[in-house]
Amino acid sequence: PESIIMASYRRKPQDVTCCARCCRWIQGKLLLLVNLIDFIGGVGLVGFGLYVYIKNFAPEYVYLPLIIIGLFILSTTFFSTCGAYNYKGCCGCFLYPLSAMMGILVCLAEIACAGLLAAYRKRYSEWLDKHHNEYNISDSEAEQLEHGTMAVIVGFFILALLEVLRFCVSRGFKKGKREDDEQKRMLSDYEEREYRQIKNQRSLERAEKHAKLRAYYAEKYKL
């Protein structure tokens, strides 16, 4: 019976508050912004790695990590964006853990590569001095490459922080959206059952009123 089911609710479920809606909106926009920055960073790493490879401006231990990590960042960004906007479906359940796991791996790889590039920066400078004539690298280009290496190291650390931020924000966004959906479902279920209970109560009252009227007129007219 509806009365027994309604009694299982301690109180009427509340609708999603304005504060919760604002929180989800901020989390969603922040996640979108982080993914956009990561996408730009991934494209930049892949582009810089390919440029260095085509121009022969660096050995393999410089451009290969740039290209590989850039591709991983782009993949993680894609899975994170798809998971954020399909959190209700099976794809969201699959893409969220996948993007989270890839994000952690990328974060560790970025920190490791930043450390290695910093450690091998002097060795790379020596490589430039040794091979600048062989690969027609001018002094200005060599100087730009050295500065570019430092920029890549700083960029790796920034992207690693963004990976941590995205992991925290996406986790809270997913959990909050599901809690909001569950709250809305409970409220809708409660209101539907409340409507049916009121409708059944009115039907019983009408039936009882008609029965009393029939009994009254039956007694009055000796029917």
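Helices are DSSP runs of H or I with at least four residues, numbered from the N terminus. The model is predicted: local features need pLDDT of at least 70 and side-chain atom pairs count only at pLDDT 80 or more, while totals for chains, interfaces and linings use all residues. Residues are numbered from 1 along each chain as its sequence is written, and side-chain values use heavy atoms, with hydrogens and water left out.

**View 1. Gln27 in helix H2.** Helix H2 covers residues 18-55 and contains Gln27. With a relative accessible area of 18%, Gln27 is buried (under 20% relative accessible area, with a 1.4 Å probe and protein chains only). Its side chain makes a polar contact with the side chain of Arg24, at 3.3 Å. A polar contact is a pair of N or O atoms within 3.5 Å; within protein, one must be able to donate a hydrogen and the other to accept it, and residues adjacent in sequence count only if both atoms are side-chain atoms. Not counting residues up to four places away in sequence, Gln27 touches Val169, Gly172 and Phe173, where contact means heavy atoms within 4.5 Å.

**View 2. Helices H2 and H3.** The two helices pack at an angle of about 155 degrees, and their axes are 8 Å apart. Axes are lines fitted to C-alpha atoms, for helices over the stretch in contact, and angles run from 0 to 180 degrees between N-to-C directions. H2 and H3 are therefore roughly antiparallel, a term for angles over 145 degrees.

**View 3. Ala84 in helix H3.** Ala84 lies in H3 and is buried, with a relative accessible area of 5%. Apart from neighbours within four places in sequence, Ala84 is in contact with Leu31, Tyr96 and Phe173. Ala84 and Ala207 are 123 residues apart in sequence, and their C-alpha atoms are 52 Å apart in space.

**View 4. The largest nonpolar core.** A nonpolar core is a set of buried Ala, Val, Leu, Ile, Met, Phe, Trp, Tyr and Cys residues joined through side-chain atoms within 4.5 Å. The largest one has 14 residues, of which Leu45, Ile69, Ile73, Val152 and Phe156 touch the most other members. H2, H3 (60-85), H4 (90-119) and H6 (139-220) each supply at least two residues of this core. H6 gives the most, with 5 residues. Setting aside neighbours within four places in sequence, Val152 is in contact with Leu45, Phe48, Leu66 and Leu117.

**View 5. A second core.** A separate core of 12 residues includes Val52, Ala58, Ile137 and Ala142.

Terms used
Buried means under 20% relative accessible area, exposed over 50%, partly exposed in between (1.4 Å probe, protein chains only). Angles under 35 degrees count as roughly parallel, over 145 as roughly antiparallel, 65 to 115 as roughly perpendicular and the rest as oblique.
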